[in-house]
Amino acid sequence: EEFVEIVNPVTGDSRIVRAKIDTEAYTTNIDIRLATELNLTTKIETKRVYNILGDEELKTADVELTFSVGEFSGRKLTTDVTIADRTKLDHLVAIGRKDIESLGMLIDVRKSI
């Protein structure tokens, strides 16, 4: 887990949330309610994603992420995220492999927490 500030680069709307570092997901994903709160409706496109439930079309948006604690404290990243209903999940945000790798983080799959 990491605390991350999510910023709408167009409006400047932001919120700090607890995010899951999700090595199973390729793309970072945020909850649709959070996307609405941040007014992430300025540049919405769709992307086909594949997951354990099959494949689906999800809306995407550009955001800026700033990590608040831990090894990447203060690091900023501009990325596109997918938007989905995460109400049944513990975290409003899941940071995907693409963004984990762009931060230079290596995941040792032989270790567990």
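Entry 1: I began with F3, which stands opposite R18 in strand 2. I take helices (H or I, at least four residues) and strands (E, at least two) as DSSP runs, numbered from the N terminus. The model is predicted, so local features need pLDDT of at least 70 and side-chain atom pairs count only at pLDDT 80 or more, while totals for chains, interfaces and linings use all residues. Residues are numbered from 1 along each chain as its sequence is written, and side-chain values use heavy atoms, with hydrogens and water left out.

I then looked up I6, which stands opposite R15 in strand 2. Strand 1 (residues 2-7) and strand 2 (residues 14-21) run antiparallel and are joined by six bridges; two strands pair if DSSP finds at least two bridges between them. The two strands form a hairpin with six residues between them. In the turn, I noted a positive phi of about 85° at G12.

**Entry 2: strand 2 and strand 7.** Strand 2 also runs parallel to strand 7, with three bridges joining them. Here A19 stands opposite V93. I listed the contacts of V93 (heavy atoms within 4.5 Å). Not counting residues up to four places away in sequence, V93 touches I6, V17, R18, A19, K20, T28, N29, I30, L34 and R86.

**Entry 3: the core.** Which residues have the most contacts inside the largest nonpolar core? I found V4, I6, I30, L34, L40, L65 and V93, in a core of 22 residues. Strand 1, strand 2, helix 1 (32-37), strand 5 (54-67), strand 6 (76-84) and strand 7 (93-95) each give two or more residues to this core. Strand 5 gives the most, with four residues. I define such a core as a set of buried Ala, Val, Leu, Ile, Met, Phe, Trp, Tyr and Cys residues joined through side-chain atoms within 4.5 Å. Buried means under 20% relative accessible area (1.4 Å probe, protein chains only).

**Entry 4: the whole chain.** I read two helices and seven strands in the chain, in the order β-β-β-α-β-β-β-β-α along the sequence. Of its 113 residues, 38% count as buried. Among contacts with a separation of 6 or more, 58% are between residues 24 or more positions apart. The chain exposes about 7,200 Å², of which carbon and sulfur atoms supply 50%; the areas come from the Shrake-Rupley method with a 1.4 Å probe.

Note on methods. Buried < 20%, exposed > 50% of the residue type's maximum accessible area, 1.4 Å probe, protein only.
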